[in-house]
Amino acid sequence: MITLDRLKRLAHLGPREALYQQIVTPELDALFARIPKPVGSFGYDAWGYNEDTAKFALGLVKWLYEHYFRVTAHGLEHVPAQGRALVVANHSGQLPMDGVLIGYALATNTHGPRAARAMIERFFPTVPWLGNWLNAIGAVIGDPLNCGKMLEQDEVIIVFPEGVRGSGKLYRQRYQLQRFGNGFMHLSQQHHTPIVPVGVVGCEETMPSVANLAPLAKLLGLPYLPLSPLLPLPARVHLNFGAPMYFEGKAESEDEVTVRVEQVKERIRELIDRGLKERKSIY
Amino acid sequence: MPRSTPHKKTVLVTGAAGSLAKRVIARLHGSYNVVAVDFRRKVDTDAGIPSYKVDTYKRGFEDVFRQHKIDAVIHIGRMFAHESDRQRRYNANVLGTKKLLELCRKYAVKEVIIHSTYFVYGASAYNPALLDEDAPLKASEVTQDLVDSVELESLAQIYLWKYPELHITILRPCNILGPGVKNSMSLLLARPLAPVLMGFSPLMQFLHVDDMADAMVRAFERNQPGIYNVAPDDWVAYQVAVQQCGCRRLPVPSVPPVLPKMVSNALNWNAFFPPYLINYFKYPVVIDGRLFRDTFGWKPRRNLNDIFSYYRKAKLLAA
């Protein structure tokens, strides 16, 4: 009888709302009510983030997080429950699955959920549907002006200072940190923002790439084109969040900034090692 | 002609036939002597408001300054793209403004409010959100048809820095909507069927024409020269706005980029979905209105739903 009632209820909702209600559960609604994120009268913020779309996406990622990648997250208590923060992680796995999983971990953090923002490549807004959709779940093009305004509004931003150097690297280079850009450190200093380092383990094994088909990638206008499985493999992912790092005073030169960036990089390396030690099996 | 009361300031308002200017005039009337001009027609005004039909870029315009001791100018009058060809529009908007500013200097006008537009920032995929007033003006990069808007701005800016005694305030509002508003966006949302680009629904900001009129009067009365964005702290995706206004969506293929422009041209959508504005329906131009709000202590009193409900109701009445 219960099923019949449920079917009846779904029947006059129409397929779209029915699907939405299946994915966006009351628990998810309750979770979002706790997230300190101001939005306008139609649920949008200035960068195109939309509460309803974000909820829907989170409902979808839930399955990936819990059952496909079987994520273990430690140290989430280090993420500030209020106020601005830069969450800085190592990047790997061809597709930005690491960003998605960190985003989910932050949004469902029992110590204080946060709607995190991610910085994306500049060509995304030109892609129909995908561009709007990425904006709606919180991604924005990686413009320092965007970053600055977001931090001033006390947002949490996920940053991969390695960029495509990290995500596009080959399987034999796994867990070797590539060069970090200095941009995040400048932002941290300008806007007095703590840096939360994260070590991601497991994403390297989701899409092991044996070669980068660079000429073809260039032809297609892509940053790289891996010779790898077409879909991410179900590797177990370990996320280790470290204590927030504060850097007092302004660095006098770019060299000094680099020194500070190296400290963050070193911290991330330690967190990766911790994740590698706690990992019992890859898949 | 009614004699102006000597102790009151005299304010010249251009574009008097338009919805915004009418509201500004109504708010000024009583506290100021208002002089109304428009290039389209001689506007019927309340008793005591002299009204002229005059092209601002022609010689006859100076007579208005000869006959009245103008203290301040609120320059709203603008020729829209659908009202004329590019040449006439350039003359009216750019040369007209140049002439106006020269006359302001010659007749020692002490305050000028210029009504610009957020279009000057240009719609590009690389735009960060919440553009500040010092962001580069890239509209002319996108299209020839917005050159007049950008040049009008540059001209006003030159006068702003060069002749501080003119006390020029440039206002760059977001989309203005409401009863009687005849800009592209308003004409578009008043239609039962509104074109949308498939796969693109940029964020937009909307302001009720009454709130904009309040903002202009506030800017005039507080007299804090400078350049200001005027926009609320609220955003909505274009396709949502279209549906909220009671329009049905007409999907237009967006790839390749020339296709929607060709469709707009072929179907003569120049008034409400012109080819040169296509990019504004593709990429967001979100401006930061904080400086204006903080400087002038102004806040819009009508929210997005109030704005959209006017278009919804208008459609219900027409049905």
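How close do the axes of helix 1 of chain B and helix 7 of chain B come, and at what angle do they cross? The axes of helix 1 (residues 19-28) and helix 7 (residues 209-222) of chain B come within 9 Å and cross at roughly 50 degrees.

This is a predicted model, in which local features need pLDDT of at least 70, side-chain atom pairs count only at pLDDT 80 or more, and totals for chains, interfaces and linings use all residues. Residues are numbered from 1 along each chain as its sequence is written, while chains are lettered from A and ligands numbered from 1 in the order in which they are written.

**The two chains**

Helices (H or I, at least four residues) and strands (E, at least two) are DSSP runs, numbered from the N terminus. A residue is buried if 20 or more other C-beta atoms, placed from the backbone, lie within 10 Å of its own.

| Property | Chain A | Chain B |
|---|---|---|
| Helices and strands | 11 helices and nine strands | 11 helices and 13 strands |
| C-alpha extent along principal axes | roughly 70 × 40 × 40 Å | about 60 × 40 × 40 Å |
| Buried residues | 40% of 283 residues | 50% of 319 residues |

The radius of gyration is taken over C-alpha atoms, and the globule rule is 2.2 Å times the number of residues to the power 0.38. Chain A has 19 Å, which agrees with the value near 19 Å for a compact globule of 283 residues. Chain B has 11 helices and 13 strands; its radius of gyration is 19 Å, close to the 20 Å that the rule gives for 319 residues, so chain B is as compact as a globular protein of that length.

Two residues are in contact if their C-beta atoms, placed from the backbone, lie within 7 Å. Among contacts in chain B between residues at least 6 apart in sequence, 75% join residues at least 24 apart.

Axes are lines fitted to C-alpha atoms, for helices over the stretch in contact, and angles run from 0 to 180 degrees between N-to-C directions. Angles under 35 degrees count as roughly parallel, over 145 as roughly antiparallel, 65 to 115 as roughly perpendicular and the rest as oblique.

Helix 1 and helix 7 of chain B are therefore oblique to each other. Residues of helix 1 in this contact include L20(B), V24(B) and L28(B), and those of helix 7 include V209(B), A213(B) and V217(B). By class, the contact of helix 1 with helix 7 has eight nonpolar, one polar and three charged residues. Ala, Val, Leu, Ile, Met, Phe, Trp, Tyr, Cys and Pro count as nonpolar, Asp, Glu, Lys and Arg as charged, and the others, Gly among them, as polar.

Helix 3 (residues 86-106) and helix 5 (residues 147-162) of chain B pack at an angle of about 5 degrees, with their axes 9 Å apart. They are therefore roughly parallel to each other. Among the residues making the contact are Y90(B) and L101(B) of helix 3 and L152(B) and Y159(B) of helix 5. The residues of this contact divide into seven nonpolar, two polar and four charged.

**A buried residue**

A36(B) lies in strand 2 (residues 33-38) of chain B. A36(B) is buried, with 27 other C-beta atoms within 10 Å. Beyond its neighbours within four places in sequence, A36(B) is in contact with V13(B), A16(B), I25(B), V43(B), T45(B), I49(B) and S51(B).

**Where the chains meet**

Contacts link 23 residues of chain B with 19 residues of chain A. On the chain B side, strand 12 (236-237) and helix 11 (304-318) each supply at least two residues.

Terms used: A residue is buried if 20 or more other C-beta atoms lie within 10 Å of its own, exposed if 12 or fewer, and partly exposed in between; C-beta atoms are placed from the backbone.
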